[in-house]
Amino acid sequence: MTQKSISLQEAFSLFITASAKGKRTNAGGYHLHPKVVTHYHHVQKSIADFEATTQNPLAIQFVSASAAGKWQTQKRYWKRFLEDYQHYGRQTMQWSDNYIKLNITVIKSVFNFLAQAKGLPVGNFHKDFHLQSWQAPPLVIMPQRLQWLIANKAFRQSLAPCLLKVLDTVIIGCTVGLRFKDLMALRPVHLETTPGCTYLITTTSKTATPVRIPLPAYADIIIKKYYRKTNKKLLPQLSNSQFNKQFKNLGKLAGWTEEVPKYRSMKGRKTELKNKAGKTWKFYEHLAAHTMRRTAITTLLLLGVEEAVVRTISGHTPASKEFYRYVAFVQGYLDKQVKKAHQLLIENPNCYLD
């Protein structure tokens with residue numbers, strides 16, 4: 001091989017082209033979502049801006065394990081890059097640690113792509129690209145409040161027609177756990193009615209995971225409320241931004257006005273972010289479309305549904321880090337499982353042999 005290096009910008013271009021054309025897929029073998037590719041472009045631009053600031057174009061030198069001196073030089077080179085890029089993100093760009101970590105993950109993927117898809121000897125220095133960041137627990141609507149939304153007829157009757165549609169969408173979203181895009185895409189063909197139950201059957205857009213979700217009676221009533229032969233979709237149609245705005249209005253009318261600080265990891269520290277008025281965020285200000293999915297997952301876990309079943313409904317993979325954030329958040333669920341094990345230890349220690 002005559003080529004001895006490749007610029008990081010050129011490596012990014014190869015990586016993005018392969019991702020956009022479907023030559024590079026996700027773990028399930030499906031094409032990447034266009035938003036993912038867009039994020040790759042943003043990371044590439046951040047690297048270009050970083051190079052312009054430092055006046056130091058980055059290049060990946062091809063090395064082999066036998067070239068010990070060159071190996072150590074490249075190891076120090078990329079260790080210094082990681083430190084400088086973090087400093088640039090924190091001090092110059094005022095990025096959160098989570099955003100920097102997300103960008104670093106993409107850079108690691110570029111290295112992996114060169115090594116695995118292109119067969120280039122880029123070394124394994126990128127495996128040391130780590131950034132510790134504090135993860136905020138997911139904000140959810142707890143079961144008591146969800147039950148109140150479902151059952152409170154007086155609150156329902158007090159709402160304007162536009163907010164009533166939002167309420168119905170929230171109830172469905174907090175029940176089935178689909179992403180907002182998948183909720184808005186639901187059509188009559190996604191319903192299956194049997195003598196004992198109505199099922200929602202679809203395939204998730206992000207992971208192409210097939211799901212079959214039994215609908216409780218209250219959800220079935222809402223779905224049938226909007227069902228018309230002339231309607232192409234099962235639920236009222238709203239844009240993501242408009243829905244988020246109306247969802248917050250709904251939460252405010254519901255009286256969910258207690259202060260709930262919003263935190264981010266900034267410069268290695270847990271830092272509170274203030275709202276536009278410079279005050280601590282209130283609960284309703286946190287509400288957004290993804291709150292519904294988080295609520296559905298947490299509710300099922302809290303009410304005793306096994307992890308494997310919840311993952312099947314939510315479309316998460318068994319090793320999903322995102323899913324286990326919900327599990328860790330539901331301390332009551334963890335307590336219940338551990339106490340059950342302790343009880344078995346006393347009452348039936350040989351149960352695992354059955």
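How close do the axes of H7 and H12 come, and at what angle do they cross? In this predicted model, where local features need pLDDT of at least 70, side-chain atom pairs count only at pLDDT 80 or more, and totals for chains, interfaces and linings use all residues, the axes come within 6 Å and cross at roughly 45°. That angle makes H7 oblique to H12, given that angles under 35 degrees count as roughly parallel, over 145 as roughly antiparallel, 65 to 115 as roughly perpendicular and the rest as oblique. Residues are numbered from 1 along each chain as its sequence is written, and side-chain values use heavy atoms, with hydrogens and water left out.

Axes are lines fitted to C-alpha atoms, for helices over the stretch in contact, and angles run from 0 to 180 degrees between N-to-C directions. Helices (H or I, at least four residues) and strands (E, at least two) are DSSP runs, numbered from the N terminus. The crossing of H7 and H12 is right-handed; a crossing is so described if the near helix is turned clockwise from the far one by less than a right angle, and left-handed if anticlockwise. From H7, Thr169, Val170, Gly173, Cys174, Thr175 and Val176 meet Met292, Arg293, Thr295 and Ala296 of H12, contact meaning heavy atoms within 4.5 Å. By class, this contact holds 5 nonpolar, 4 polar and 1 charged residues. Here Ala, Val, Leu, Ile, Met, Phe, Trp, Tyr, Cys and Pro count as nonpolar, Asp, Glu, Lys and Arg as charged, and the others, Gly among them, as polar.

H7 also packs against helix H9 (residues 217–226), at an angle of about 135° and with the axes 10 Å apart. H7 and H9 are therefore oblique to each other, and their crossing is left-handed. On the H7 side the contact involves Leu164, Lys165, Asp168, Ile171, Ile172 and Thr175, and on the H9 side Tyr218, Ala219, Ile222, Ile223, Lys225 and Tyr226. These residues comprise 8 nonpolar, 1 polar and 3 charged.

A further pair is formed by helix H2 (residues 34–54) and helix H4 (residues 97–116), whose axes lie 10 Å apart at an angle of about 95°. H2 and H4 are therefore roughly perpendicular to each other. His39, Tyr40, Val43, Ser46 and Ile47 of H2 make contact with Tyr99, Leu102, Asn103, Val106 and Ile107 of H4. The contact has 7 nonpolar and 3 polar residues, with no charged ones.

Grid points are joined across faces, edges and corners, and a volume is the space filled by probe spheres set on the points. The model contains 1 cavity of 30 Å³ or more. The largest cavity holds about 30 Å³ and is lined by Thr175, Val176, Gly177, Ala296, Ile297, Leu300, Val310, Ile313 and Ser314. Helices H7 (161–176), H12 (289–302) and H13 (307–314) each supply at least two residues of this lining, which has 6 nonpolar, 3 polar and no charged residues.

H7, strand E5 (210–215), H12 and H13 each give two or more residues to the lining, and H12 gives the most, with 3.

Terms used. On a 1 Å grid over the protein atoms alone, a cavity is a set of points where a 1.4 Å probe fits but cannot get out, and a pocket is an open set with protein on both sides within 12 Å along at least five of seven lines; lining residues have an atom within 4 Å of a point.
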